[in-house]
Amino acid sequence: MAIRQYENFIDGRWTSDNAGPSIDVIDPATEEVVGRVLDGGLKQAVMAIEAARRAFDEGPWPWMSVRDRARILKRFSEIMESRHDELRELIVSEIGSTSFLTDFLQVGGAIEASHYYSDFAEHDVTWVEAPGGPTVSPTGLGGTVVVREPVGVVGVITPFNFPFSINLQKCLPALAVGCTVVLKPHPWTPMNALELAGIGEEAGLPAGVFNVVVGGGDVGEELSTNPLVDMIAFTGSTATGKRIREVSARTMKRAQLELGGKSAHIVLDDVTESEVAGIGFGQVLMHSGQACVAASRLLLPEHLLDAYIDGVKAMAPNLTIGDPRDPATVVGPLIREQQRQRVESYVESALDEGATLVAGGRRPPHLGKGFFYEPTAFINCRNDMRICQEEVFGPVLTVLTYQSQQEAVRIANDSDFGLAGVVMTRNAARGFNVARQIRTGTIIVQTTGGGAADPGPNPGNGSGPGWSVPGRGLFNGGGPFGGFKHSGIGREQGRWGFEEFTEIKSISWM
């Protein structure tokens with residue numbers, strides 16, 4: 001594969017002016033260089049911010065009708081769809097995502113969801129409402145309206161794990177409501193963001209509306225402190241999120257922070273031994289555990305532990321680890337060698353603190369290239385262990401046992417994080433009641449018992465008059481996504497995500 005070359009995209013043009021040195025983009029499965037981009041650094045960050053400010057204050061974008069903006073963003077989505085195969089190849093080489101996950105979420109699902117963003121802004125956002133009737137004043141008829149307006153210039157900072165879908169999930173709603181954007185992708189996975197800049201240019205976004213600058217912490221710091229930026233939308237580590245909140249507060253920026261997680265998967269005591277044996281490694285296999293929503297703490301009733309151990313030992317040898325381009329591959333690589341070393345340090349800490357290794361715990365001996373690590377499961381864990389309290393971001397599962405439902409809830413909530421979670425049960429009502437007690441922003445109740453009943457005829461495949469069916473790339477069906485506690489501030493997706501990028505203004509006349 002030829003090495004892709006990119007400049008940064010600022011004020012409607014590709015430029016290397018004032019840029020720093022080039023950055024190699026590495027395929028995590030092969031360790032080969034697949035692209036080169038420019039480190040924009042502080043100077044290009046300022047150029048991009050100033051361009052976005054001009055485009056918002058002086059340009060047509062925030063004053064366009066919602067329909068006209070939606071028309072351009074629909075064209076944006078159509079161009080992505082026409083280039084699906086090319087984007088898929090690029091993203092697999094950039095992040096090492098397996099075939100299923102790439103098609104379902106990383107690329108296919110993300111493109112499908114992008115159609116939803118422009119439609120939602122046009123048809124489902126309430127832009128103007130009158131809270132009361134007209135009033136009579138000495139000067140005539142008076143009244144009040146409440147209007148939504150774009151927040152302004154948005155600095156978007158995104159991570160390496162789901163870069164394409166997160167870039168779209170943040171940038172498209174911001175653009176749809178009339179904001180201008182400066183996007184800083186992670187320097188390990190920047191190519192998909194630069195491709196989006198080219199697609200935006202082709203779709204007809206005005207100059208300065210969508211800017212992409214690759215860089216490290218200096219670029220993120222500038223976005224977070226520059227007074228010309230009105231809002232920061234960030235997904236990444238809690239430590240970085242705290243830093244962004246601290247420095248952005250100096251200029252009173254709006255902040256949408258989607259941070260880390262240490263989610264619990266609670267198996268209730270009505271689940272059978274055969275059902276628990278099939279759980280395996282659960283969500284920590286999703287993108288090799290590089291997912292903030294991964295339920296990496298499995299909470300089991302004590303009487304189900306032996307059945308789970310038998311199941312995970314039987315499953316581990318059958319998990320294909322290797323080339324993410326092979327449809328048979330279940331476990332792809334971690335993003336970089338330093339990430340693999342981070343995972344190894346957590347595995348060592350678990351052993352030092354007394355946990356028992358059931359499966360994995362090493363680099364696959366048959367793979368000499370690529371940043372691979374075997375799916376790993378520990379038992380005899382305590383919730384105060386480092387590996388149970390900190391985000392590993394690798395294919396590592398810790399198993400904790402409990403004696404009562406009340407204890408399971410206590411363990412699940414005994415965490416600085418509160419992003420996601422799972423409750424597994426044979427009784428949906430009971431699962432719902434447990435879910436209500438878990439301090440997380442998103443939680444799934446997973447019912448067992450041999451599969452769902454036949455729902456009967458289903459015309460329209462679940463859609464129909466009055467139904468809005470969001471794209472499959474939206475986590476949890478288009479509901480709001482975000483966390484409690486150290487997992488963040490604000491929400492993404494659905495109307496809640498759109499409203500994050502708006503301000504409310506009350507206009508009265510008399």
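Here are some questions and answers about this predicted model.

Residues are numbered from 1 along each chain as its sequence is written, and side-chain values use heavy atoms, with hydrogens and water left out. Since the model is predicted, local features need pLDDT of at least 70 and side-chain atom pairs count only at pLDDT 80 or more, while totals for chains, interfaces and linings use all residues.

User: How many aromatic pairs are there?
Analyst: Rings of Phe, Tyr and Trp (its six-membered ring) pair if their centres lie within 6.5 Å; planes under 30 degrees apart count as stacked, over 60 as edge-to-face and the rest as tilted. By this rule, the count is 8 aromatic pairs.

User: Why is the pair of F160 and W188 called tilted?
Analyst: The ring centres of F160 and W188 are 5.5 Å apart. Their planes meet at 50°, so the pair is tilted.

User: How many residues apart are F160 and W188?
Analyst: Helices (H or I, at least four residues) and strands (E, at least two) are DSSP runs, numbered from the N terminus. F160 is in the loop between strand 9 (153-157) and helix 6 (163-176).

User: Is F160 buried or exposed?
Analyst: Buried means under 20% relative accessible area, exposed over 50%, and partly exposed in between (1.4 Å probe, protein chains only). F160 has a relative accessible area of 10%, so F160 is buried.

User: What kind of pair do F160 and F393 make?
Analyst: F160 and F393 are both buried. Their ring centres lie 5.8 Å apart. The planes are at 90°, so this pair is edge-to-face.

User: Where is F393?
Analyst: F160 and F393 link distant parts of the chain, 233 residues apart. F393 is in the loop between helix 13 (386-389) and strand 18 (396-402).

User: Which ring has the charged end of R386 over it?
Analyst: A charge sits over a ring if NZ of Lys or CZ of Arg is within 6 Å of the ring centre and within 35 degrees of the ring normal. The charged end of R386 is 4.1 Å from the centre of the ring, and that ring belongs to Y346.

User: What is the strand order in the open sheet of 7 strands?
Analyst: Two strands pair if DSSP finds at least two bridges between them. The edge strands, strand 16 (356-359) and strand 21 (444-447), each pair on one side only. With mixed pairing, the order is 16-17-18-15-14-20-21.

User: In which sense do strand 16 and strand 17 pair?
Analyst: The bridge partner of A359 is A377, in strand 17. Over 3 bridges, strand 16 and strand 17 (residues 376-379) pair in a sense that is antiparallel.

User: Which strands does helix 12 touch?
Analyst: Contact means heavy atoms within 4.5 Å. Helix 12 (residues 337-352) packs on the sheet, touching strand 16, strand 17 and strand 18.

User: Which residues of helix 9 are buried?
Analyst: The buried residues of helix 9 pack against several elements, including strand 9 and helix 8 (217-225). In helix 9 (residues 238-248), the buried residues are T238, G241, I244, V247 and S248.

User: How far apart in space are V46 and V445?
Analyst: V46 is in helix 1 (residues 41-57). V46 and V445 are 399 residues apart in sequence. From C-alpha to C-alpha, their distance in space is 46 Å.

Methods
Axes fitted to C-alpha atoms, helices over the stretch in contact; angles between N-to-C directions.
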